[in-house]
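Here are my notes after a look through this one. Have the structure open while you read.

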Amino acid sequence: MFETTIAGSLPKPAWLAEPNKLWPTWRLEGAELEQAKGDATLLAIKQQEDAGIDIVGDGEQARQHFVHGFLERVEGIDFAHKVEMGIRADRYKAMVPQVVGPVRLKGRVHAFEAQLARAHTKRKLKFTLPGPMTIADTIADRHYGDKGKMAMAFAGLLNQGARAREKDGVDVIQFDEPAFNVFMGEVTEWGIAALERAAEGLKCTTAVHICYGYGIKANIDWKATLGGVWRQYEAIFPAIAKSKISQVSVECRNSKVPMRLLSLLEGKDILVGAIDVASDTVETPEEVAAVVAEAVKHVARERIQLCTNCGMAPMRRDIAYAKLAALAQGAALARQQFG
């Protein structure tokens, strides 16, 4: 009960990439970079285990960005001529590659880090992939002419990647869809269908992560405009509840989301975000357990796992891992209180 896990990304060591950056520049090149990515992946696993995390991940150490790391292995995408584009409904600008032709996988995506992680941990292993709607919102379309059509094309590629990761022994495949909290109408129109296409045929546990974004200034400023109650989840949870996805990862700690909205996810396991990634203040175990106390009012305790609100890539490493230790300690405290 109350197993702990991470949303996805963890901070990269300063010897691997620029610290505290969402799109960091690599410090190395070529074979040295690939070796360093592997070293960082093993270190991230060990530090999660040391912190007491039950379901570990690769920390996305081998990816510059959670979306673009996948896209680097896709044909039909031009990385040489990036363009500036507003993403998440123009919440912030980013330099993004362009889709210039039909998309196809060049080979196995993220196989190296998934296989490395599986070989070096006996704990349950979760692997994250960008969701098709979020990919479509983080790339410039010069080919498909329709966002939903493009998302469905990427969903097919994601499904190939997910099936391969399942064969590598991954226990949980999670699709990250922060765009679900922005384009609520499109979620029901084609977002759920694209998500289910990405997860089609998987026998391992499937999850979708929906949050209010990384702890960067643009997201923090956006949250400040959302008012005293955040109801974005209310518009999309009923549709997600009807989907074939097994788990839903949501932001709860220090958010203004009414916890009762979790009851709309009937039948799903809930990854309750109990760690705030937009603050450097390390939670106490009691604060983590307090999030659980609210969640169990609306979700059966056996369906609750504890998670971070979002990825931790831009954070200081020492703070991030201190927060993971607090997450594990809070889960232990909650087991005492509710077990």
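This is a predicted model: local features need pLDDT of at least 70, side-chain atom pairs count only at pLDDT 80 or more; totals for chains, interfaces and linings use all residues.

1. The main core. The largest nonpolar core has 107 residues, and Phe70, Phe154, Phe175 and Ile240 touch the most other members. Helix α10, residues 317-338, gives this core its largest share, at 10 residues. There is also a second, separate core of 6 residues, with Leu16, Ala17, Leu33 and Ala36 among them.

2. Helix α8 and Ile240. Which residues of α8 (232-241) are buried? They are Gln232, Tyr233, Ile236, Phe237, Ala239 and Ile240. An α-helix has 3.6 residues a turn, so residues three or four places apart point the same way. The buried residues of α8 pack against helix α6 (184-198) and the strands β7 (205-210) and β8 (247-251). Ile240 itself, leaving aside residues up to four places away in sequence, touches Phe180, Ile192, Val208, Ile210, Val248, Leu265 and Lys268.

3. Phe338. This residue sits in helix α10. If we again skip residues up to four places away in sequence, Phe338 touches Met1, Phe2, Ala289, Val292, Ala293, Val296 and Arg301. As for Ile275, it is 63 residues from Phe338 in sequence, with 19 Å between the two C-alpha atoms.

4. Cysteines. How many disulfides does the model have? The count is 0. For Cys252, the nearest cysteine sulfur belongs to Cys307 and is 9.9 Å away. Cys310 is the one I'd check by eye: the nearest cysteine sulfur, that of Cys211, is 3.4 Å away. A disulfide needs the two sulfur atoms within 2.5 Å, so Cys310 is in no disulfide. Both residues are buried, Cys252 with a relative accessible area of 10% and Cys310 with 5%.

5. The largest pocket. About 240 Å³ of space lies in it. The lining is made up of Glu34, Lys37, Ala62, Gly69, Glu72, Arg73, Arg108, Val109, His110, Ala111, Phe112 and Glu113. By class, that is 6 charged, 4 nonpolar and 2 polar residues. Helices α1 (30-51) and α3 (111-119) each supply at least two lining residues, and α3 gives the most, with 3.

6. The largest cavity. The model has 5 cavities of 30 Å³ or more, and the largest has a volume of about 160 Å³. Which of its 17 lining residues are closest to the centre? Phe66, Pro178, Cys211, Tyr214 and Cys310 are. The lining as a whole has 7 nonpolar, 6 polar and 4 charged residues.

7. The second largest cavity. Its volume is about 70 Å³. The lining consists of Ser9, Lys12, Lys21, Leu22, Pro24, Glu60, Arg63, Gln64, His65, Phe66, Tyr214 and Ala313, which divide into 5 nonpolar, 4 charged and 3 polar residues.

Definitions and conventions: Residues are numbered from 1 along each chain as its sequence is written. Side-chain values use heavy atoms; hydrogens and water are left out. Buried means under 20% relative accessible area, exposed over 50%, partly exposed in between (1.4 Å probe, protein chains only). A nonpolar core is a set of buried Ala, Val, Leu, Ile, Met, Phe, Trp, Tyr and Cys residues joined through side-chain atoms within 4.5 Å. Helices (H or I, at least four residues) and strands (E, at least two) are DSSP runs, numbered from the N terminus. Contact means heavy atoms within 4.5 Å. On a 1 Å grid over the protein atoms alone, a cavity is a set of points where a 1.4 Å probe fits but cannot get out, and a pocket is an open set with protein on both sides within 12 Å along at least five of seven lines; lining residues have an atom within 4 Å of a point. Grid points are joined across faces, edges and corners, and a volume is the space filled by probe spheres set on the points. Ala, Val, Leu, Ile, Met, Phe, Trp, Tyr, Cys and Pro count as nonpolar, Asp, Glu, Lys and Arg as charged, and the others, Gly among them, as polar.
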